[in-house]
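I opened the notebook to write down what I looked up, one entry at a time.

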Amino acid sequence: MKRVGGTIYEPTGNFDPTIPIVLPHEQVYSIQVGTKLFKLSGASLSSDAPSYFTNFFLKHQDLPENERPTLFIDRDDRVFEKVVLHLKGYYLTPEDETMFTYLFIDAGYYHLPRLVKQLCSSEIFIRIGSIPMRIPRNVFSSKGDSPNFFTSGFGIFFKTPDDLPKGIRLIRPPPLVPPSVPNRSGELFQDLLAILRGSNLQIRCEEHRNSLIAECKYYRLRGLEQRLVKHKIEFNRFRGAEEIMLRLRDVKPTGISL
């Protein structure tokens with residue numbers, strides 16, 4: 001049971017009891033996004049609240065349903081269709097980096113804290129070369145592979161839920177370019193991902209190895225870079241110990257003394 005203003009609401013029907021009663025669960029509310037009209041229940045709108053939607057309709061809670069105004073929002077209805085699925089309890093998986101970015105922008109614009117939190121902890125969506133990528137965040141858990149290009153970059157461009165503006169409504173949120181790395185090879189990065197996921201990638205030739213190492217340097221995957229460096233372990237009979245043999249090109253002279 002919840003008191004809103006001078007009215008007490010209690011759940012009715014078969015709605016999920018875990019959803020807070022911000023708006024009466026059984027009532028229907030109209031939201032027009034662009035040219036498309038959406039009708040959502042109070043249960044759906046209350047599932048991720050407080051939000052722009054609940055704040056608007058709470059101001060008109062004493063009006064009968066036929067007199068309640070329709071909330072008009074000048075945003076993309078295709079993105080809002082994804083938001084509606086989230087409000088209805090479905091787990092969202094954006095199809096590419098563009099939809100991920102649009103969802104992130106509008107989730108913050110509508111002030112949907114649960115959706116923003118989900119997107120911030122989801123896979124990394126990015127286009128490398130011409131290939132769209134979905135990179136699990138835990139793939140960088142090996143020693144030396146974090147922080148890197150992806151964990152640092154996404155921390156800057158995709159902020160955490162605590163960074164949502166409080167009480168600020170912009171007419172239109174600022175644009176955010178979908179993340180991409182157009183000047184690198186998507187095929188080579190797929191090879192790196194295969195190794196990070198535990199696959200035994202076949203190094204085709206020395207040129208392939210050198211290209212993979214160059215990609216590791218670019219993305220700052222230092223742990224993976226060390227695994228790809230060509231080496232040989234031999235037992236030195238004169239010293240009575242094992243030695244690691246490396247190519248001189250893979251050794252930095254800094255810090256080395258004879």
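This is a predicted model: local features need pLDDT of at least 70, side-chain atom pairs count only at pLDDT 80 or more; totals for chains, interfaces and linings use all residues.

Which residues in helix 3 meet which residues in helix 4?

**Entry: helix 3 and helix 4**

I looked up the contact and found Val-79, Lys-82 and Val-83 on the helix 3 side. On the helix 4 side I listed Met-99, Tyr-102, Leu-103 and Asp-106. Sorted by class, this contact has five nonpolar residues, two charged residues and no polar ones. I then looked up the geometry. Two packed helices are described by the angle between their axes and the distance between the axes. Helix 3 covers residues 77–87, and helix 4 covers residues 97–109. Their packing angle is about 75°, and the axes are 10 Å apart. An angle of 65 to 115 degrees counts as roughly perpendicular, so I wrote down helix 3 and helix 4 as roughly perpendicular to each other.

I found an open sheet of three strands in the order 4-3-5, with mixed pairing. Strand 4 (36–41) and strand 5 (71–73) are at the edges; each has a single partner strand, so one side of each has no neighbour in the sheet. On average, neighbouring strands here are turned by 25° against each other, direction ignored. Strand 3, residues 28–33, pairs with strand 5 in the parallel sense, and I noted three bridges for this pair. For Gln-32, I found Phe-72 in strand 5 as the bridge partner. Helix 3 came up again here: helix 3 lies across strand 3 and strand 4, and runs at about 10° to strand 4.

**Entry: the nonpolar core**

Which residues touch the most other members of the largest nonpolar core? I found Ile-31, Phe-53 and Ile-135, in a core of 56 residues. Leaving out residues up to four places away in sequence, Phe-53 touches Ile-31, Leu-45, Leu-71, Ile-73, Phe-80, Leu-87, Tyr-110 and Leu-112. As background, I noted that in soluble globular proteins nonpolar side chains tend to be buried together.

**Entry: helix 7 and helix 8**

At what angle do the axes of helix 7 and helix 8 cross? I wrote down roughly 85°, with the axes coming within 10 Å. Helix 7 spans residues 186–196 and helix 8 spans residues 206–219. Helix 7 and helix 8 are therefore roughly perpendicular to each other. From helix 7, I listed Leu-188, Phe-189, Asp-191 and Leu-192. They meet His-208, Ser-211, Leu-212, Glu-215, Cys-216 and Tyr-219 in helix 8. By class, I have six nonpolar, two polar and two charged residues in this contact.

Note on methods:
Residues are numbered from 1 along each chain as its sequence is written. Side-chain values use heavy atoms; hydrogens and water are left out. Two strands pair if DSSP finds at least two bridges between them. Helices (H or I, at least four residues) and strands (E, at least two) are DSSP runs, numbered from the N terminus. Axes are lines fitted to C-alpha atoms, for helices over the stretch in contact, and angles run from 0 to 180 degrees between N-to-C directions. Contact means heavy atoms within 4.5 Å. Angles under 35 degrees count as roughly parallel, over 145 as roughly antiparallel, 65 to 115 as roughly perpendicular and the rest as oblique. Ala, Val, Leu, Ile, Met, Phe, Trp, Tyr, Cys and Pro count as nonpolar, Asp, Glu, Lys and Arg as charged, and the others, Gly among them, as polar. A nonpolar core is a set of buried Ala, Val, Leu, Ile, Met, Phe, Trp, Tyr and Cys residues joined through side-chain atoms within 4.5 Å. Buried means under 20% relative accessible area, exposed over 50%, partly exposed in between (1.4 Å probe, protein chains only).
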